[in-house]
Amino acid sequence: MADDQTQVQDFFAARAADWDNRFPDDGPAYAAAVGALGLRPGDTVLDAGCGTGRALPALRGAVGPRGRVLGADLTPAMLEAAGRAGRDRSGQLLLTDVTRLPLQAGVLDAVFGAGLISHLSPPGPGLAELARAVRPGGQLALFHPIGRAALAARHGRRITDDDLRAEPRLRPLLARSGWRLVSYTDEDARFFARAVRTD
C-alpha cells in the first residue's frame with residue numbers, strides 16, 4: 001500500500017501547480033454534483049481526495065456557516081494549491097490518507113469523492129473506512145466531471161466491463177463496504193453514483 005501511496009503522491013505532485021488550468025470548465029459540474037448530494041445546513045461533509053479543493057466552495061455553500069467542511073488529500077502539493085486558490089477558507093484541509101482517517105466513527109453526514117475510487121488501492125478497504133466515518137443513513141457521492149467512456153477516450157483506451165465504476169462492479173463493491181447504491185448516472189457529461197451508509 002505504501003508503494004501505491006507514493007505513486008499517487010508522485011503523480012499528483014507533478015501536476016498540482018497546473019491542475020486547475022488543465023480543467024478550467026469543471027466548476028459547474030462540481031456544483032451540480034454537490035447539489036445532487038442533498039446536503040443540509042449544519043451537516044459535516046468530507047471531500048475525500050480533495051486535490052486542489054474545487055468542490056470545497058460548493059460544499060460550504062450547501063452546509064452553510066454552521067456546517068463543517070473537511071478536505072482530505074494525501075499530496076501536500078495539491079493542498080498547497082488549494083490554499084493558494086483560497087479554498088482553505090471554505091473548509092479545513094487535512095493532509096491524510098483517506099483510507100485511515102483521523103476521525104471518530106459516525107462523525108460525518110456525507111463524503112464527496114471526485115475521481116477518488118480509481119486511486120483507492122484496493123478500493124474495498126478505503127470505501128469501508130469512509131463508511132466507518134459516516135453515520136448510518138449518511139451519504140457517499142462518487143463523482144467525475146465526465147463519464148466513463150469519455151474518460152477512457154481521454155486516456156487513449158476503451159471502456160471495459162471490469163472498470164471499477166461500471167455499475168455491475170460498483171454496486172457489490174459498495175455493498176461489501178457498508179454502502180447501498182441508490183442512484184447511478186454515467187453519461188458523457190458526468191459520472192455520479194450516490195450511496196447511503198447502511199446500518
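**Exercise 1. Find which residue in β7 stands opposite threonine 185.**

Solution. Start from threonine 185: its opposite in β7 is phenylalanine 192. The model is predicted, so local features need pLDDT of at least 70, side-chain atom pairs count only at pLDDT 80 or more, and totals for chains, interfaces and linings use all residues. Residues are numbered from 1 along each chain as its sequence is written, and side-chain values use heavy atoms, without hydrogens and water. Next, take the strands: β6 and β7 (residues 190–197) pair in the antiparallel sense over eight bridges. Strands are DSSP runs of E, at least two residues; helices are runs of H or I, at least four, all numbered from the N terminus. Pairing requires at least two DSSP bridges.

**Exercise 2. Determine which residues leucine 174 touches, leaving out residues up to four places away in sequence.**

Solution. Apply the contact cut-off, heavy atoms within 4.5 Å. Leucine 174 then touches Leu127, Leu140, Leu142, Trp179, Leu181 and Ala195. Buried means under 20% relative accessible area, with a 1.4 Å probe and protein chains only. This core has 28 residues; Leu174 is among those touching the most other members. α6 (123–133) is one of the elements giving two or more residues to the core, and α6 gives the most, with four.

Note on methods:
A nonpolar core is a set of buried Ala, Val, Leu, Ile, Met, Phe, Trp, Tyr and Cys residues joined through side-chain atoms within 4.5 Å. Buried means under 20% relative accessible area, exposed over 50%, partly exposed in between (1.4 Å probe, protein chains only).
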